[in-house]
Amino acid sequence: MIETTNPEIDVTELMKRVRAEASKIVDRSRGTAAGPALPAIPALPPAPAIWIPRAGNPKKERLDELLRSAREKIEVSSIIPKFLRGLFRKQGGYNRSVLDSLSVLAKSNFELNKKVQEISTCLEQLNGWLLALAQHREAEANWMTAASSRIAGMAANEVEPAHEVGDKESRRALDSFYLLFENRFRGSFTEIKKRLGFYLPFLTSANAGTPGRPVLDLGCGRGEWLELLKENKLEAHGVDMNSAMIAQCQEHALEVIQADAIEYMRSLPANSHGGVTGFHIIEHLPFETLMELFGETHRILVPGGVAIFESPNCKNLVVGATNFNIDPTHRRPVFPETAELMLQSHGFEGLQIEYLAPDEVPFDDSTRELAILKKKLYGPQDFGIIAYKPKRG
């Protein structure tokens, strides 16, 4: 452990050197085994100038002199008869001395109050800086933890057992297959990008994608949404575990990282993003994992930030009973109102469900029975749920 009170060690300079060396290691690793991004460390403002006002002059000697003069002017010798003593008292001089004493006291009191205010301002500035210092030290500790984990993982992967090499080759093959699957069943890149344009106004209303309020896309896939955001000059980055998807996003010059979505979110500071999106990802997750994902989403959103998730609409019987099973990685459909309740339980508000992509109806639905059949079999194939982190608190 480094003793931070040692005057021979410049901790700030030491941390700069550590971060610089670790960044070199991280940069070298991005082509092979990229992991979660290291958390950001806010800049520490310079310490305020600390000074103590000079001691005030209470003018004690002057005050004592005035009081002594006042007593002399009102005191009369005991040899003077009482009924004559009033003639010998100098009341006017006494009053002047008392008034001068009060004037000296008032000036001293004014100077004292002024110095108290100066000290209070100084302490307030110092307290603010100490709070910033504590936050900076906490961010540095989080960074060191993440960097240590990253470096340890890289060291463990330097010499890989044969079965792990085989597992990685198998993983890459599955990643390539899933990209082929998306290209065949998801729809064309251009078509999906056009559909996702529906959600742009929700980002705009939440001021998401602006400087300091970037959008994080979970399971970014081929990058249709990220490219749309880039075209609209919105700040965004994505995360996905699929190496083939990541490669395609990089071909489009999109900002992406290959990592587990929840692990990556854990590495991010709270209140750091204006929007979190996930299109056709929640149906891939078990219940406990999905609840954690919603919790992390709420944590990293800034107050007033927006969360958008889209998933197959199982209220459409064809989707729920047949089309949902096309994807071998689907676990189970997420019922729209259930997703709404899960998000509400994590503190989201202003939720709304949007039903999208209705199928073409091959018959006339003029009767009540046919209208019901249309809704059940040819209703919207997807639903989107939009939720907001409260602005207050």
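Trainee: How many bridges join E2 to strand E3?

Mentor: E2 and strand E3 (residues 256–258) are joined by 3 bridges and run parallel. Strands here are DSSP runs of E with at least two residues, helices are runs of H or I with at least four residues, and both are numbered from the N terminus. Two strands pair if DSSP finds at least two bridges between them.

Trainee: What should I know about the model itself?

Mentor: This is a predicted model, in which local features need pLDDT of at least 70 and side-chain atom pairs count only at pLDDT 80 or more, while totals for chains, interfaces and linings use all residues. Residues are numbered from 1 along each chain as its sequence is written, and side-chain values use heavy atoms, leaving out hydrogens and water.

Trainee: Back to E2, then. Which residue is the bridge partner of Val239 in E3?

Mentor: That partner is Ile257. Val239 also stands opposite Leu218, and strand E1 (residues 215–218) pairs with E2 in the parallel sense over 4 bridges.

Trainee: Which helices belong to the β-α-β units?

Mentor: Helix H8 (residues 224–231) makes a right-handed unit with E1 and E2, and helix H9 (residues 243–251) makes a right-handed unit with E2 and E3. Right-handed means that, with the strands pointing away from the viewer, the path from the first strand over the helix to the second runs clockwise.

Trainee: Why is E2 described as largely enclosed?

Mentor: Because 5 of the 5 residues of E2 (residues 236–240) are buried, the strand is largely enclosed by the rest of the structure. Buried means under 20% relative accessible area, exposed over 50%, and partly exposed in between, with a 1.4 Å probe and protein chains only.

Trainee: Which way do its side chains point?

Mentor: Ala236, Gly238 and Asp240 point one way from E2, whereas His237 and Val239 point the other way. In a regular strand the side chains alternate between the two faces of the sheet.

Trainee: New topic: how many disulfides are there?

Mentor: The search of the whole structure finds 0 disulfides, a disulfide being a pair of cysteine sulfur atoms within 2.5 Å.
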